[in-house]
Amino acid sequence: MKLRALILVLLMIPVFLPSASAQSPLAIIPLNDNFSGVPGDVIVIPFRLINLGNETISNVTVYVTGPTEGFLYQSKVIRDPIGPNETVQDTLSVKILNIDPGKYILTIVARVGSSYSEAQVTITVKTFVDYALRIDVDDEYLYGNNVTALLRITSQANGVIIGRIGYSFYYDGTLLKSFSTVIYLRPGESWLQNLTLTTPKVGNYMIYFWGNFSGRFKSTTATFRVYQRNLKYEAYFRDGVIYVQVYDENGNGVPDISGKINEIPFKTDDDGTVAYLVNQPGTYKIVLNLDGRIITTFVEVKKLFLSYSQENDTLLVKVVDSTGVPVPNITVTASGPLGKTYAVTDSSGLATVDLKKTGYGTIMLKAESSRYVGAEASVKVVPPITPTPTPTTTTPESNASTSTVPQEPQKGYGPLGVILIIAGILFAGTSYAAFFMPLTQEEVLDRYYFVKVKAPRLRGMDNFRFEKAVSAIDVRATKGTAKVEDNRVIWEIEHLEPGEEAYLQVILG
């Protein structure tokens, strides 16, 4: 029993003995353990290093440690020997980066060999108020376009900042608009505002943008100009093409001018030109946007029409436009079995074709002009009828002394009489048609339907009425009244003078 008690006492002795530990020969003591600053500040920490050992030490490394982000730490080596109980004073620096406000515990460490000493300091990071203002807008804008300016404010603070911002808009020194509000921004956050002016007037503009956060005031300005060019234009038809040309004040072609021809959009090319092919007559509406000036103009494209009549070996060709007006100086080409010939219309729109040069039969007529849509027609002509001479008979002489006695012609005419009778009937019929009956011609060209009526040569025409079932959008007449009613075109003319012509133009649906 005594033996067991002795063993138990021996086992408990180590528990009650004080523990032994190796004391570091170094001691690092901060001379100030509380600091404060804002991002960007450099904190200088003074310290004292004491050699507590009985041997001289050297090459002592001192450094600062703490949070892995938000601070930039310094370290250094004290190479000078430090004797027993000697003291050395020095400093370490810490730079505060963009870190949230608050209190942070940092540790300063001194190390030599396997011995080290450390102490703690506190750095209070305060809120740092900073931000940047910016206005994104071009220097110049063409009149007729919208102008958008982007206002931007970006926080460069390390914490949430609250403040007031605003802007003012000026036109030639006159205030157009003013605005202000209160906002808050987190670190790195931006506030954006698009400021749009719809087709602003020509002149000079300025934007004044400002902010005030915790008494830190900043501002910036931007200016721009809205200008308008003195643009001119031409619009005309030539050789089957409608040309639109836009020039500046120096006569140079202006590209990228937008517009429409009969609602079809276009933009001028590098030479300021648009070429629009047309093969139909009509009125073409042209709309141009000349730096915000909206210009509307019209180009009338007319078509040539042919009518003809034969007089012996001459073909009379008359050329009129879509409104029935005779057109002079139009080249008429006539191609027939014998070849081709040319004629030019006079002031009355008449051209004379020599059928001896073209031959008889089918003649192709073509009227062409750079100012009109051309016309073609096929006509059949016949040789003129040549009267047959009447034969004469003589009796032989009975003798030299007998005088010659002329005989009377026989009463029977044979085939010649029949020919003369038929020619008379034909002449009477055609003369009656030409001189006493109205002439009407019709022609369809794509979406257009044309009707021509001509009064007889020897008498006028009263109460003319033309009616046709056709799907039409619009009708135009050079004389009288025309209308579309129940899918029928009705054209009425009270009176036409002898030989007078009238024309009807129908736009088909």
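A salt bridge is a side-chain nitrogen of Lys or Arg within 4 Å of a carboxyl oxygen of Asp or Glu. This is a predicted model: local features need pLDDT of at least 70, side-chain atom pairs count only at pLDDT 80 or more, and totals for chains, interfaces and linings use all residues. Residues are numbered from 1 along each chain as its sequence is written, and side-chain values use heavy atoms, with hydrogens and water left out.

**Exercise 1**

Find which residues are linked with R465 in a network of salt bridges.

Solution. Start from the general idea. Side chains of opposite charge can pair when their charged atoms come close. Now locate the network. R465 is linked with E467, R488 and E492. Then take the total. The structure holds 19 salt bridges.

**Exercise 2**

Describe the salt bridge between K318 and E501, and say which parts of the chain the pair ties together.

Solution. First, the distance. The two side chains meet at 3.9 Å, N to O. Second, the location. K318 sits in strand β26 (residues 314–320) and E501 in strand β39 (residues 501–508), so the pair ties together parts 183 residues apart in sequence. Strands are DSSP runs (E, at least two residues), numbered from the N terminus. Third, the exposure. Buried means under 20% relative accessible area, exposed over 50%, and partly exposed in between (1.4 Å probe, protein chains only). K318 is partly exposed at 22%. E501 is buried at 15%.

**Exercise 3**

**Exercise 4**

Work out where A27 lies and what A27 is in contact with.

Solution. A27 belongs to strand β1 (residues 26–30). At 15% relative accessibility, A27 is buried. List the contacts, meaning heavy atoms within 4.5 Å. Neighbours within four places in sequence aside, A27 touches R48, L49, I50, L52 and S117. S117 is 90 residues from A27 in sequence, but their C-alpha atoms are 5.4 Å apart.

**Exercise 5**

Identify the salt-bridge partner of R134 and how exposed that partner is.

Solution. The partner is D136, with the closest N and O atoms 2.8 Å apart. D136 is partly exposed, at 25%.

Terms used:
Helices (H or I, at least four residues) and strands (E, at least two) are DSSP runs, numbered from the N terminus.
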